[in-house]
Each structure stands twice: as structure tokens, then as C-alpha cells.
Amino acid sequence: MKRLIRQSGFTLIEIMVVMVLLGLISSIALTTVGGGNQKRELMNEVNRLHAVLRMAAEESIFSNTEIGVVIESDLYEFLTYNESEGKWVAAEPHFLRSYSLPEWISLDFQREGKERKILGSQSEEGSSILETKASKKPDFMLLSSGEVTGFSITMQISDDSDSRIEIKTNDQGEIILPSVEQDAS
């Protein structure tokens with residue numbers, strides 16, 4: 001008499017079907033959860049610029065140096081005023097080096113009392129790149145007296161106007177992030 005031995009367990013096909021289903025579910029979960037990546041990166045870039053501007057303002061006071069900030073469509077950089085030469089030169093401290101923004105961030109700038117300048121749309125006619133580099137002038141200044149030229153810088157994801165985040169000076173001349181301060185209160 002033959003004895004039938006039943007084996008318990010899963011077949012190879014059953015295990016493979018389960019693995020495929022787990023793979024599909026995890027890929028769907030990753031794409032759903034990871035959707036806000038650009039917004040997080042935008043917030044990181046805004047926080048970085050805010051922190052560097054505040055550090056530069058403190059540096060201008062401690063080193064008794066006038067610091068200028070140049071805002072362009074794809075980067076920002078810092079200049080210091082060289083009194084002996086009577087012109088603005090590239091800032092030397094490492095944390096004040098030029099910084100390029102990701103290409104998907106659009107930026108606009110407004111200086112107190114001036115018209116808003118949307119960057120990256122047009123360049124000045126008749127000026128060469130060499131002329132512009134040799135005679136760079138700051139868009140706003142952080143003075144050694146502690147004063148800051150009034151400004152507003154807005155960053156956003158290029159095609160998403162709902163992602164706008166602003167850095168500006170308040171009435172007391174402090175560099176603030178209004179959206180973060182409203183969330184905190």
C-alpha cells in the first residue's frame with residue numbers, strides 16, 4: 001500500500017506572484033509619498049538663502065565691512081566694498097561664495113521703492129558679459145551699521161505659482177521669512 005505524503009508549503013509560482021504584488025504596492029507607495037520632493041527642495045533653498053543673508057548681515061557688522069548682494073535669475077552672490085580701490089569685489093569668506101540655484105526654481109526680486117524685477121526674462125541690451133562682470137554692483141546692501149536695504153526676494157517652482165515663498169525685510173530692517181513666521185504663530 002502506498003502511502004500518500006502531503007507536503008505543506010507554497011509553490012514557486014505562488015511565491016513569485018506574492019513578490020510581484022509586493023513590488024507593485026511598494027512602488028505605488030513610493031511615488032505617492034515622494035511627490036512633494038520639489039517643494040521640500042524649494043523650502044531648503046529658501047531656508048539656505050535666508051540663513052546666508054542673516055549670517056552676511058552679522059558678518060558686515062562684526063568685520064565692519066559693507067556687503068552687497070547680487071541677485072540674478074539662476075544665482076546669488078555677495079560682494080564687499082573695497083574702499084582703497086573704490087569698487088565692489090567678490091566676497092572672500094567661504095560662506096559668502098556665489099551659489100547657483102537649480103534650474104527649476106524661478107526667482108524675482110524687488111528693492112524697496114523700486115519696480116519688481118522678474119529675473120531671467122530679458123537681459124540688458126548693448127552690454128557685453130565682460131562689461132557686466134567688471135562692473136558688478138549689488139542689488140541691495142547689508143551695511144556695517146546694521147542697516148539693510150529693504151528688499152523682497154520670491155522663489156517658486158517654475159510653473160507653480162502656489163509654491164511662492166518670500167524672503168524680505170520687515171519695518172525694523174530684519175531679514176524674515178513671513179510664511180514661516182505665520183505658520184509658527
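Lys136 is buried, its relative accessible area being 17%, where buried means under 20% relative accessible area, exposed means over 50% and partly exposed lies in between (1.4 Å probe, protein chains only). This is a predicted model, in which local features need pLDDT of at least 70 and side-chain atom pairs count only at pLDDT 80 or more, while totals for chains, interfaces and linings use all residues. Residues are numbered from 1 along each chain as its sequence is written, and side-chain values use heavy atoms, with hydrogens and water left out.

**Salt bridges**

Side chains of opposite charge can pair when their charged atoms come close. A salt bridge is taken here as a side-chain nitrogen of Lys or Arg within 4 Å of a carboxyl oxygen of Asp or Glu, and a search of the whole structure finds 4 of them. In one of these, the side chain of Lys136 meets that of Glu72 at 3.5 Å, N to O. That pair links distant parts of the chain, 64 residues apart, with Lys136 in the loop between helix 3 (129-134) and strand 7 (140-142) and Glu72 in the loop between strand 1 (67-71) and strand 2 (75-82); helices (H or I, at least four residues) and strands (E, at least two) are DSSP runs, numbered from the N terminus. Glu72 counts as partly exposed, at 26% relative accessibility, and a network of salt bridges links Glu72, Glu77 and Lys136.

Asp108 and Arg164 form a salt bridge whose closest N and O atoms are 3.8 Å apart. This pair also connects distant parts of the chain, since Asp108 belongs to strand 5 (residues 105-111) and Arg164 to strand 9, 56 residues apart. Glu85 forms a salt bridge with Lys87, and the closest N and O atoms there are 3.8 Å apart.

The accessibility of the residues in these last two pairs is listed below.

| Residue | Relative accessibility | Class |
|---|---|---|
| Asp108 | 7% | buried |
| Arg164 | 42% | partly exposed |
| Glu85 | 48% | partly exposed |
| Lys87 | 42% | partly exposed |

Strand 9 (residues 160-169), which holds Arg164, pairs with strand 8 (residues 151-157) in the antiparallel sense over 5 bridges; two strands pair if DSSP finds at least two bridges between them. A hairpin of 2 residues joins strand 8 to strand 9, and Ile153 stands opposite Ile167 in strand 9. Strand 9 also runs antiparallel to strand 10 (residues 175-176), to which 2 bridges join it, and Lys168 has Ile176 in strand 10 as its bridge partner. The hairpin of strand 9 and strand 10 has 5 residues between the strands, and within it Gly173 takes a positive phi near 85 degrees.

**Helix 2**

The 26 residues of helix 2 (residues 37-62) should span 38 Å at 1.5 Å a residue, which agrees with the 37 Å between its end C-alpha atoms; the expected span is 1.5 Å times one less than the number of residues. Its buried residues include Leu42, Val46, Leu49, Leu53 and Ala57. Helix 2 is followed by Asn64, whose phi is positive, near 55 degrees.

**Confidence**

The chain averages a pLDDT (the predictor's confidence in each residue, from 0 to 100) of 82, and 78% of the residues score at least 70. Confidence is highest in strand 1, at a mean of 93, and lowest in helix 3, at 45. Over residues 120-133 pLDDT stays under 50, and the model has 3 contacts beyond four places in sequence for them, a contact meaning heavy atoms within 4.5 Å.
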